[in-house]
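Welcome, and thanks for taking a look at this one. Please keep the sequence and the 3D view side by side while you read.

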Amino acid sequence: MTAMRLKRRGKHAAIFFLAALAGLAQATEGGGSVYPGSENFLVGAAPPPGLHLMGYGTAYAATEFKDNKGNNATPPGFKVNANVAVLRGVWSTPYQVLGGNIVMHTIVPFADVSVSAAGAHQHKTGIGDITVGAVVAHHHSPQLHSLAGLDVVLPTGGYTRTDLANLGRNYVAYEPVFAMSYVDPKGFNGDFKLTINLNQTNNATHYKSGNEAFIDYSVGYGLGNGWTVGVGGLIREQFTDDRQNGATVANNRARSFAIGPSIKYDNGKGWFATAKWETETAARNTTQGNAFWVKAVIPF
C-alpha cells in the first residue's frame, strides 16, 4: 500500500473536516467539506418563512480502509471515531426569486474525534469548518417540494499539516446543491439531495482533492400518525482526479454506498425529528464503517 493510495479520507472524517492518516500519507488528503449522509426525510422541503434551528448529531466508527480495488488496505491499529454535534441556523425569508423564496443558513460543527493508526494516536475536540449558503425553495404542491442553491465551506477549523487528525480542511469548498422531497403523511415518501463538492487547493500541502458528487436519499411510507418508516443512505462518487503540485494522482478516486433503516416523527405543528443507521459498503479509496444520525428541526 503506497502513500499515494492511502488518502486522508473517510466519509465522516471528511464530513467533519478531519484529516485522518495525515502522518502516514502527508502527500495525499482526499475528502471534502460537505455533510454526506446527514440528511433524511424532508430534505427538499424548506421550512416556512421565519427563523428555524436545526440540530444534527452523529456517531461514526471505522476500522477498515479500502484501496482502489475494494481490497483491505487498513494500516495496523487503524481506528476512527467521530462524535459530532452540528447547529444549523436557518432564515426562510419572504423574498422571492423565480417563483421560490430565498432561504439562508449557517452550519457550525462541534467535533470530538479520535484517530489511531500504525502505533500513533490523536484526539481533538473543537469547532470545524463553518458552512454558509443560500437556496431558492419551491413548494410545487402540498406533497412535492424542491430547492436549489449554493453552499460555501470556510476554512475556520483548526489545521496543522503534521497532525494525525484535524478539525479543519484548510481550504474553501464550493457546493452547488439540489434537493427534492415528496411527502405524504399516509403514503409514499421519497427524498434526495444532490451535492457537488468542488474542492480547492490546500496551500499547506499543495494538494487538491478531486471533485465529488454525493446523493443523500430516503424512501419510506407514512403511517398516518406522524411516523414515517423506511430506509436511507448515501451514494458517493468522485468524478475528477486528485492533484499533487499540479500532477494527477492516478487510481485514487473515492466512492462508497451506504444504506440503513430510517424513521421520522412529525408533530404537524412545525417541528420534526429523524434518525437513521448507515452501513457503508462498496468503498474505494476511503474508510468503510457505520454511522448513526439524528436530526431535529425547531421553529422559533
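How many bridges join E8 to strand E11, and do the two run parallel or antiparallel? The count is 10 bridges, and E8 and E11 (residues 212–222) run antiparallel. Keep in mind throughout that this is a predicted model.

## Overall make-up

Let's begin with the whole protein. It holds 17 strands and 1 helix. Of its 300 residues, 52% are buried. The accessible surface of the protein comes to about 12,000 Å², and carbon and sulfur atoms account for 63% of that surface.

Contacts along the sequence are worth a look too. Taking the contacts between residues at least 6 apart in sequence, 64% join residues at least 24 apart.

E7 and E8 form a hairpin, with 5 residues between them.

## A four-stranded open sheet

Next comes an open sheet of 4 strands, in the order E9-E10-E13-E14, with antiparallel pairing. Strand E9 (201–202) and strand E14 (247–249) stand at its edges; each has a single partner strand, so one side of each is left without a neighbour in the sheet.

The partner of E9 in this order is strand E10 (residues 207–208), joined to E9 by 2 bridges in an antiparallel arrangement. Here Thr201 stands opposite Lys208 in E10.

## A nonpolar patch on the surface

Finally, let's turn to the outside. Which residues form the nonpolar patch on the surface? They are Leu51, Leu53, Leu87, Trp91, Tyr95, Met104, Phe110, Ile127, Trp271, Ile298 and Phe300, with about 1,100 Å² of accessible area together. Strand E1 (50–66), strand E2 (79–97) and strand E3 (100–117) are the elements that give two or more residues to the patch. The largest share, 3 residues, comes from E2.

With a relative accessible area of 34%, Met104 is partly exposed. Patch residues need over 30% relative accessible area, so Met104, at 34%, passes that cut-off.

Notes: Residues numbered from 1 in each chain as written. Predicted model: local features only at pLDDT ≥ 70, side-chain atom pairs only at ≥ 80, totals over all residues. Heavy atoms only, no water. Patch = residues over 30% accessible without salt bridge, like charges linked within 9 Å, V, L, I, M, F, W, Y side chains within 5 Å. Areas by Shrake-Rupley, 256 points an atom, 1.4 Å probe, with all protein chains shown as cover. Salt bridge = Lys/Arg side-chain N within 4 Å of Asp/Glu carboxyl O. Buried < 20%, exposed > 50% of the residue type's maximum accessible area, 1.4 Å probe, protein only. Contact = heavy atoms within 4.5 Å. Pairing = 2+ DSSP bridges.
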